[in-house]
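Here is a short briefing on one protein model. Look at the structure first, then read the points below.

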Amino acid sequence: MNSIIDINGLSFQYASGKIQQQVLDDLSLSINRGQIVCLLGANGAGKSTLINLMLGRLKTQQGHIEIFGQRHTSREIRQRLGVMLQNAAAPDRAKVCELLELFRSYYDAPLPLTQLYHDLQLDSIREQYFGSLSGGQKQLVLLAIALCGDPELLFLDEPSVGMDVTTRRVLWQVIERYKSLGKTIMLTTHYLEEADALADRVVVLKNGKIIADDTPQGLKVAFSHKLLKAKTSLSMDVVRTLEAVINVTQYGRYFEVTSTNAALTVAKWQAIDPHIDDLTISNCDLEQAFIQLTDDHTEQNNEEKVA
């Protein structure tokens, strides 16, 4: 069996009194062994709910999830999983070495402590208390805890939050090393450059549905619009009406414009503002593709132009 996660027809609602909120809506997804899959979406898109359902922390309401061919997270399944959740923490008065020894004891075949210290560069802080560590160091320790059981499937929910450039580089190296060993990694992140650098596949959620599922390069090609940046005397509302414009953002005195036809947009822009200044044109990156996919204003702007 090549797929390690199979999700079919998954729907989920949160209920508060008489109010029900649909979080996932008839979602289906398969993830193959050895992939790094990045789950992207704005806050409230359903990412955390989906992960909690996969981990058995929430009970499925409609549809089903299979991990390693089983629908229930038995002890056998949990032994093959590693999890680092967004709001994970550890006791401040526990030493790093004590935490790793404790969590290693939960597994039948844990990784050697020496390997964990080496891979995550924890040797220098192994005797320090968790509460005394920097934010980035805490994240590396929590990642080491997730790796204690040498998992086949690793869930990383916003792992790089609080990390500086150095600790983030360590994180990336660890993720790439574990992928090279044939491990499967489910990653969520708000850092689009992280998804671009690490993911084999990007799955974008919006309103509980999958609206895109492709490689990072595939998404960038599919949204091969141009990004225009310039200073102008025009208002944002006027710039939005220019030909081929699908999104406008203002940064100080600059407008950043996403266009499906840069030459046409620039020609129309210059026609009504001959004093446009400091114009640059570049290709859209993964972040711009993500914005175009998930930005409600972009959709509204497109609908108004069609109308």
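What share of the contacts in the protein with a separation of 6 or more comes from residues 24 or more positions apart? The share is 68%. Keep in mind that this model is predicted.

**Overall picture**

- The protein has 307 residues, and 48% of them count as buried.
- It contains 12 helices and 13 strands.
- Along the principal axes, its C-alpha atoms fill a box of roughly 70 × 45 × 40 Å.

**Helix α1**

- Helix α1 covers residues 47–54.
- Of its 8 residues, 7 are buried, so the rest of the structure largely encloses this helix.
- The buried residues are Lys 47, Thr 49, Leu 50, Ile 51, Asn 52, Leu 53 and Met 54.
- Gly 56 follows α1. The phi of Gly 56 is positive, near 80 degrees.

**Helix α3**

- Helix α3 spans residues 96–104. Its buried residues are Val 96, Cys 97, Leu 99 and Leu 100.
- Seen down the axis of α3, these buried residues fall within an arc of 160 degrees, so they line one face of the helix.
- What do the buried residues of α3 pack against? They pack against α4 (113–119) and α5 (135–147).

**Helices α5 and α6**

- Two packed helices are described by the angle between their axes and the distance between the axes.
- For α5 and α6 (residues 165–180), the angle is about 15 degrees, and the axes lie 9 Å apart.
- Angles under 35 degrees count as roughly parallel. The helices α5 and α6 are therefore roughly parallel to each other.
- Their crossing is left-handed.
- On the α5 side, the contact is made by Gly 136, Leu 140, Leu 143 and Leu 147. On the α6 side, it is made by Thr 167, Val 170, Leu 171, Val 174 and Tyr 178.
- By class, this contact has 7 nonpolar residues, 2 polar residues and no charged ones.

**Val 165**

- Val 165 sits in helix α6.
- Is Val 165 buried or exposed? Its relative accessibility is 61%, so Val 165 counts as exposed. The cut-off for exposed is over 50%.
- Val 165 and Leu 264 are 99 residues apart in sequence. In space, the two are 40 Å apart, C-alpha to C-alpha.

Methods. Residues numbered from 1 in each chain as written. Predicted model: local features only at pLDDT ≥ 70, side-chain atom pairs only at ≥ 80, totals over all residues. Heavy atoms only, no water. Buried < 20%, exposed > 50% of the residue type's maximum accessible area, 1.4 Å probe, protein only. Helix = DSSP H or I, 4+ residues; strand = E, 2+ residues; numbered from the N terminus. Arc of directions from axis to C-beta. Contact = heavy atoms within 4.5 Å. Axes fitted to C-alpha atoms, helices over the stretch in contact; angles between N-to-C directions. Parallel < 35°, antiparallel > 145°, perpendicular 65-115°, else oblique. Left-handed = near helix turned anticlockwise from the far one by under 90°. Nonpolar A, V, L, I, M, F, W, Y, C, P; charged D, E, K, R; others polar.
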